[in-house]
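I opened a notebook for this structure and wrote down each thing I looked up. The entries follow in the order of my reading.

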Amino acid sequence: MKKIRIGSGAGYAGDRIEPAVELAQKGQLDYLVFECLAERTIAIGQKQKKQNSSKGYNELLEARMRAVLPSCYKNKVRIITNMGAANPIAAGHVVMSVAKELGLKSFKVAVVTGDDVLPELQRLDLKLIEANVALSQSGKDILSANAYMGIEGLVEALESGANMVIAGRVADPSLFLAPMVHEFGWSRDDWRKLGKGTCIGHLLECAGQITGGYFADPGVKDVMNLARLGFPLAEVDESGDAIITKVEGSGGVVCEATCKEQLLYEIHRPDQYFTPDVVADFSNVTFQQEAENRVAVKGASGLPRTDTLKVSVGYNDGFIGEGEISYAGPNAVARGRLALDIVKARFSVCGFIPLEARYDLVGVNALHGETRSAQNEPYEIRARVAVRCSTLEEAISVGNEVETLYTNGPAGGGGVMKSAKEVLAMDSSLIPRSQVHAMITILEG
Amino acid sequence: MKLRDIAHSRTGDKGNISNISLIVYDINDYVLIKDAVTAEKVQNWFGDIVSGEVVRYELPAIGALNFVMYEALGGGVTRSLALDIHGKGLSSALLDFDI
């Protein structure tokens with residue numbers, strides 16, 4: 001039975017680079033996928049692109065490609081990624097220039113576009129799901145609208161024979177499903193196989209999260225050598241069954257427990273995982289440890305895809321200002337509480353009314369509130385103030401008020417840090433498939 | 001006994017929704033968590049954090065429950081004022097549950 005090997009080279013935009021190099025060198029891969037686009041990343045990219053029309057793609061693209069292209073080229077590993085973010089064409093040109101510098105002959109990049117649907121969203125005045133009103137009625141300052149595309153454009157791009165396929169917003173599992181459909185010739189309505197391939201993609205898309213990352217709990221769930229965590233690869237056969245494994249000698253662990261945690265990561269109904277390609281069913285998936293760091297995946301299925309695609313919509317949502325200060329030793333908690341009370345009172349003295357505010361004692365209640373915190377007083381705490389504001393000036397003033405606690409606040413306050421940032425929030429919408437068209441642009445050197 | 005003694009857990013986020021998996025180490029303990037860790041109990045456990053509904057899904061094939069908690073993340077990762085904007089630490093809070 002025909003088999004292919006697909007590696008996962010990144011779990012998010014800023015992920016480690018050397019595990020991907022290790023996969024390219026030693027993974028005997030056919031494909032290396034980089035999933036680098038979180039919900040908000042593309043809105044940030046749109047903003048960068050507005051300021052500079054040659055930007056808006058993944059900031060680590062050049063460094064990543066410089067690191068992995070030589071091994072990928074030599075070992076005939078094809079790369080598939082959404083690192084194009086808001087500007088896949090510009091990303092394609094960057095990759096071409098890196099390939100040229102590295103002296104890679106006849107290098108070919110296929111760029112997939114068509115996910116930017118802001119004009120269509122505005123023309124059709126579609127509904128924003130969280131806000132529960134039509135776009136035009138939402139009063140929001142919309143920055144971006146990108147549809148989650150499926151495998152169509154990616155498979156076509158692979159058929160062009162390109163060394164690398166670069167897209168923007170594509171559903172994460174589709175990046176992995178595309179090479180399976182391309183290699184095995186699965187029918188586009190073989191929902192069971194598409195469900196199985198989607199499951200494998202879902203397991204791989206967060207890279208280190210299935211090889212022992214986001215898992216370790218000392219003494220309970222120990223993981224070896226997280227500083228050299230190996231990223232995962234799947235050996236997939238044409239029936240859609242797979243083995244999840246990693247390069248021998250790398251850090252981390254692939255076991256049934258890591259696979260189970262990742263299967264349910266960011267999943268709601270396990271029997272209805274909506275992607276552009278299929279409604280996948282993970283409810284009967286099973287894992288079987290076949291050898292050390294080798295786990296077999298079976299049992300996923302699927303139902304026909306829906307007629308709409310999800311669109312993630314980015315909008316400006318004011319600013320957040322933050323400030324933090326630490327207290328230690330006897331009575332640290334009381335001094336921290338006093339510090340927070342002072343800042344709260346200062347806002348009213350200055351006539352500043354926060355849109356929303358949080359006053360935390362890190363070490364006591366910042367993560368899960370008061371009720372769960374320890375009865376014993378911690379040795380040190382960190383007072384934290386976070387405020388939603390309408391203007392950047394107000395956001396800056398929040399950190400400044402915390403800083404004034406050095407000379408105006410409780411005894412022994414130290415280590416102030418402050419920040420002010422613009423907020424890019426996200427909503428979502430559903431757009432008819434007929435409005436979204438994948439387009440392929442070939443770049444050749 | 002704490003849930004931590006028999007199960008492990010991972011949190012994921014989508015918008016303002018958090019999901020927490022609860023997975024037994026020994027498949028024979030699945031019945032135990034299925035009976036003891038109801039959606040209602042999880043709703044109460046996170047009463048001070050989660051404003052919306054808690055829905056539970058069962059995965060007997062891998063010995064797991066999946067809790068989907070609505071309005072759980074202070075508006076969601078992109079706009080929350082919380083220190084842990086993703087709610088990554090909620091899984092650890094669930095494992096502290098007594099059964």
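**Entry 1: a salt bridge in chain A**

Which side chain meets that of Lys47(A) in a salt bridge? I looked it up and found Glu422(A), with 2.7 Å from N to O. I note at the outset that this is a predicted model. The pair links distant parts of the chain: Lys47(A) is in helix H2 (residues 41-51) of chain A, while Glu422(A) is in strand E19 of chain A, 375 residues apart. I then took the count over all chains, which comes to 29 salt bridges.

**Entry 2: between the chains**

I turned to chain A and chain B. How many salt bridges are there between chain A and chain B? The count is 5. I wrote down one between Lys14(B) and Glu266(A), whose side chains meet at 3.7 Å, N to O. I also looked up polar contacts, and the rule finds 22 residue pairs across the interface of chain A and chain B, with both residues at pLDDT 80 or more.

**Entry 3: what chain A brings**

Next I asked which elements of chain A supply at least two residues of the side that touches chain B. I listed helix H9 (256-263) and the strands E13 (286-291), E16 (308-328), E17 (356-362), E18 (380-389) and E19 (414-432). H9(A) gives the most to that side, with 5 residues. By class I recorded 23 nonpolar, 9 polar and 16 charged residues on the side of chain A that touches chain B.

**Entry 4: the contact and its area**

I noted that the contact takes 48 residues from chain A and 39 residues from chain B. The size of an interface is often given as the accessible area lost when the parts come together, so I looked that up too. Chain A and chain B bury about 3800 Å² between them, and 56% of this is on carbon and sulfur atoms. In chain A, the residues that lose the most area to chain B are Leu264(A), His268(A) and Arg372(A), together 18% of what that side buries.

**Entry 5: the largest cavity**

The largest cavity has a volume of about 50 Å³. Which residues line the largest cavity? From chain A I wrote down Arg40(A), Ile320(A), Lys421(A), Glu422(A) and Val423(A), and from chain B Val77(B), Thr78(B), Arg79(B), Ser80(B) and Ile85(B). By class, the lining has 4 nonpolar, 2 polar and 4 charged residues.

**Entry 6: the second largest cavity**

For the second largest cavity I noted a volume of about 40 Å³. Among the residues lining the second largest cavity are Lys196(A), Cys199(A), Ile200(A), Asp241(A) and Lys298(A). Helix H8 (191-204) and strand E14 (294-298) of chain A are the elements that give two or more residues to this lining. H8(A) gives the most, with 3 residues. The lining divides into 5 nonpolar, 2 polar and 3 charged residues.

Last, I looked up the second largest pocket, with a volume of about 320 Å³. Of the 21 residues that line this pocket, I recorded the closest to its centre: Arg358(A), Leu367(A), Ile49(B), Ala72(B) and Ala82(B). By class, I have 8 nonpolar, 9 polar and 4 charged residues for the lining of the second largest pocket.

Technical notes: Residues numbered from 1 in each chain as written. Chains lettered and ligands numbered in written order. Predicted model: local features only at pLDDT ≥ 70, side-chain atom pairs only at ≥ 80, totals over all residues. Heavy atoms only, no water. Contact = heavy atoms within 4.5 Å. Buried area = accessible area lost by both parts, 1.4 Å probe. Salt bridge = Lys/Arg side-chain N within 4 Å of Asp/Glu carboxyl O. Polar contact = N/O pair within 3.5 Å; in protein donor to acceptor, adjacent residues only side chain to side chain. Helix = DSSP H or I, 4+ residues; strand = E, 2+ residues; numbered from the N terminus. Nonpolar A, V, L, I, M, F, W, Y, C, P; charged D, E, K, R; others polar. 1 Å grid on protein atoms, 1.4 Å probe; cavity = no way out; pocket = protein on both sides within 12 Å on 5 of 7 lines; lining within 4 Å. Points joined across faces, edges and corners; volume = space filled by probe spheres on them.
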